[in-house]
Number of protein chains: 2
Amino acid sequence: MSPKHNPNQCPMESILGQIMGPWTPYILWLLSNENSLRFGELAARIPDISAKVLTDRLRKLEASGLVHRDYQPTVPPTVYYSLTTRGSELHGVLQGLNEVALRWDEEDRLTADDRKIAAE
Amino acid sequence: MSPKHNPNQCPMESILGQIMGPWTPYILWLLSNENSLRFGELAARIPDISAKVLTDRLRKLEASGLVHRDYQPTVPPTVYYSLTTRGSELHGVLQGLNEVALRWDEEDRLTADDRKIAAE
DNA sequence: GCAAGTAGTTACCTAATGGTAAGTATTGAG
DNA sequence: CTCAATACTTACCATTAGGTAACTACTTGC
């Protein structure tokens, strides 16, 4: 994160340090709904994310013990990602977040429509 | 955020762009529990945050319509921050997040204790 | 005339982040 | 002999974010 931003004794900041960052909560949300996704499937569901960043996120989540990586040495290789037990404890939070996100999105689109109508 | 990371049609990413970043969810959590805090009170409750970053976060939250800023031109000035209606809709999510954070923190401290005992 | 107290702002610097593009490994298919 | 497919890795670059520290404004009180 930042050079000096340490998750100093504050549990909230500690968890945020693990979850936060562009795409990360979204990755968790996808995994929490599908229970297992391959690298390419994740990439396809997350528009515009680069392989580099996706790998980075998954590695960090794995290091925090939130995501499990299952590498099958087939040819070509197959890698399944899924939530660990701890990772799946975030489901409720992510669901709540998603509900709010959808609600606000709808509200914002409605008021945007109002503006368009008013401008006519 | 990043030069190209646009909240591209994805409601989840859009809300994350507003909430995310070091300290931000914690600020919202504090405001959601105290319903009104002054700048200095916030700073006191958030160890190690700098005035610059705190100001920045509050300005951004204000711009997103999540936080209300009430400036009283007294001498010295007094500024109260509180959640807007929309901001307070995050209470449930933040509470869930905090519960998980406290639980994990406790679990981690327990296993840390185990390691200490085992090392004796 | 100077310090105190609140809520910032400003300047400057460094480290980390993310993007792009190209490369890697492996093996079966054509 | 080369391509295709998957899951990355690496190198390089530009931008950004955050940290520190000093400075501002305004009035009261000593």
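In which loop of chain B is N35(B) found? N35(B) belongs to the loop between α2 (24–34) and β1 (37–38) of chain B. The model is a predicted one, and the points below are grouped by topic.

**Backbone angles in chain B**

- Most residues other than glycine have a negative phi, and most peptide bonds are trans.
- Although N35(B) is not a glycine, its phi is positive, at about 55°.
- N35(B) counts as exposed because its relative accessibility is 60%, and the cut-off for exposed is over 50%.
- D48(B), which is not a glycine either, has a positive phi of about 75°.
- The place of D48(B) is the loop between α3 (39–45) and α4 (51–63) of chain B.
- With a relative accessibility of 62%, D48(B) therefore counts as exposed.

**Cis peptide bonds**

- In chain A, V75(A) is joined to P76(A) by a cis peptide bond, whose omega is near -10°.
- P76(A) sits in the loop that lies between β2 (67–72) and β3 (78–83) of chain A.
- In chain B, the peptide bond from V75(B) to P76(B) is cis, and its omega is near -10°.
- The loop between β2 (67–72) and β3 (78–83) of chain B holds P76(B).

**Elements of chain A**

- Chain A contains six helices and three strands.
- Read from the N terminus, the order of the elements in chain A is α-α-β-α-α-β-β-α-α.

**Dimensions and packing of chain A**

- The radius of gyration of chain A is 18 Å, whereas a compact globule of 120 residues would have one near 14 Å.
- The C-alpha trace of chain A spans about 60 × 45 × 30 Å along its principal axes.
- Of the 120 residues in chain A, 39% are buried.
- Among the contacts in chain A with a separation of 6 or more, 44% are between residues 24 or more positions apart.

**Surface and charge of chain A**

- Chain A has an accessible surface of about 6,800 Å², and carbon and sulfur atoms account for 52% of that surface.

Notes:
Residues are numbered from 1 along each chain as its sequence is written. Chains are lettered from A and ligands numbered from 1 in the order in which they are written. This is a predicted model: local features need pLDDT of at least 70, side-chain atom pairs count only at pLDDT 80 or more; totals for chains, interfaces and linings use all residues. Side-chain values use heavy atoms; hydrogens and water are left out. Helices (H or I, at least four residues) and strands (E, at least two) are DSSP runs, numbered from the N terminus. Buried means under 20% relative accessible area, exposed over 50%, partly exposed in between (1.4 Å probe, protein chains only). The radius of gyration is taken over C-alpha atoms; the globule rule is 2.2 Å times the number of residues to the power 0.38. Contact means heavy atoms within 4.5 Å. Accessible areas come from the Shrake-Rupley method with a 1.4 Å probe; for residues, only the protein chains shown count as cover.
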